[in-house]
Amino acid sequence: MPELPDVEAFRRFLNRTANRQTIEKVTVRDELILRGVPARRFQAQVKEKKFTSTLRHGKYIFVSLQPVESRSARKGFLVFHFGMTGYLRSFSGHEPEPEYNRLIFHLSNGLSIAFNCRRRLGSIWYTEDREEFIARRHLGPDALRIDFQDFLQLLAIKKGGIKCVLMDQSILSGIGNIYADEILFQARLHPRTPLTAMDASDKKNLFEAIHSVLHKAAALNANPARFPRMYLNRHRHSRGLCPRCQATLTTIHACGRTAYVCPREQLLKH
DNA sequence: AGTACCACCTGACGGC
DNA sequence: TGCCGTCAGGTGGTAC
């Protein structure tokens with residue numbers, strides 16, 4: 001699930017439920033999510049700190065943490081990455097808990113925030129230097145915060161197939177397989193189109209598709225049921241039809257992932 | 001440099 | 001019913 005629009009929805013969810021709250025206790029059900037950091041150390045790093053603001057960079061969320069009591073405690077950031085199956089839920093402790101809650105933050109308002117991750121590919125970190133974290137993970141600029149001129153500069157240093165470029169988090173941060181397909185469909189570009197074959201209007205269309213698709217999906221809380229009928233996503237399954245021309249969608253492999261394309265409108269340029 | 005492939009993980013689904 | 005292969009919206013490393 002979690003690409004940029006989904007992660008943006010999680011960020012807003014955190015703002016609604018956890019803003020200004022203090023982390024009173026952290027339950028670590030699955031230490032694997034902490035990627036080598038012992039549960040004790042992680043708990044010590046975040047306990048008795050207050051959620052202040054949130055910032056999303058690509059598919060990552062950074063939550064600012066402020067120490068509440070101790071003068072010696074440091075400011076820092078909780079970092080969430082959701083892998084393929086991660087999401088956040090709040091609960092108050094009375095209802096039965098869902099399966100696969102890997103980590104639970106117990107807050108001062110009585111709510112608990114669970115990091116649920118069936119496939120355990122998601123991660124949670126604590127860092128005191130957000131920019132260093134972003135640099136160390138080689139994350140490019142956020143896909144929704146880049147302007148057209150900078151976007152053209154990024155494309156200028158690459159040569160490969162466009163879908164690979166869109167999904168490369170070190171170039172542009174936030175786009176995964178599903179939204180790459182949607183963006184390329186809206187821009188009427190074949191996933192394997194080499195950057196060298198794209199003219200100025202292709203690049204303009206692509207930039208506009210990135211913005212319109214990601215903005216729209218985020219505004220709809222990344223809920224595909226609410227996506228426009230003209231979106232590929234609603235038809236992205238075997239035997240699905242192109243919502244514009246009704247051709248049967250085909251699948252190809254590009255950049256190691258399955259891509260859905262309209263065989264009539266997304267033609268390969270060389 | 002660009003792409004494919006595997007590993008990390010777990011579960012769903014279809015075929016036999 | 002049960003077993004098996006395949007696939008799934010994440011990333012990172014390696015190998016052509």
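The model described here is predicted.

- At the start of helix 7, a side-chain oxygen of D199 comes to within 3.1 Å of the backbone nitrogen of S201.
- Just after helix 7, N221 adopts a positive phi of about 60 degrees.

**The buried side of helix 7**
- The buried residues of this helix are D202, L206, F207, A209, I210, H211, V213, L214, A217 and A218.
- An α-helix has 3.6 residues a turn, so residues three or four places apart point the same way.
- The cover over the buried residues of helix 7 includes helix 1 (4–18), helix 4 (148–156), helix 5 (162–167) and helix 6 (177–186).

**Surroundings of DNA strand B**
- DNA strand B is surrounded by 14 residues, of which Y100, R119, R120, K159 and G161 are the closest.
- The residues of this surface comprise five nonpolar, three polar and six charged.
- Sugar or phosphate accounts for 79% of the atoms of DNA strand B within 4 Å of the protein, and bases account for the rest.

**Individual contacts with DNA strand B**
- An N or O atom in the side chain of Y100 is 2.5 Å from a phosphate oxygen of DNA strand B.
- In the side chain of R118, an N or O atom is 3.0 Å from a sugar or linking oxygen of DNA strand B.

How values were computed: Residues are numbered from 1 along each chain as its sequence is written. Chains are lettered from A and ligands numbered from 1 in the order in which they are written. This is a predicted model: local features need pLDDT of at least 70, side-chain atom pairs count only at pLDDT 80 or more; totals for chains, interfaces and linings use all residues. Side-chain values use heavy atoms; hydrogens and water are left out. Buried means under 20% relative accessible area, exposed over 50%, partly exposed in between (1.4 Å probe, protein chains only). Helices (H or I, at least four residues) and strands (E, at least two) are DSSP runs, numbered from the N terminus. Contact means heavy atoms within 4.5 Å. A polar contact is a pair of N or O atoms within 3.5 Å; within protein, one must be able to donate a hydrogen and the other to accept it, and residues adjacent in sequence count only if both atoms are side-chain atoms. A residue is near a molecule or strand if one of its heavy atoms lies within 4 Å of it. Ala, Val, Leu, Ile, Met, Phe, Trp, Tyr, Cys and Pro count as nonpolar, Asp, Glu, Lys and Arg as charged, and the others, Gly among them, as polar.
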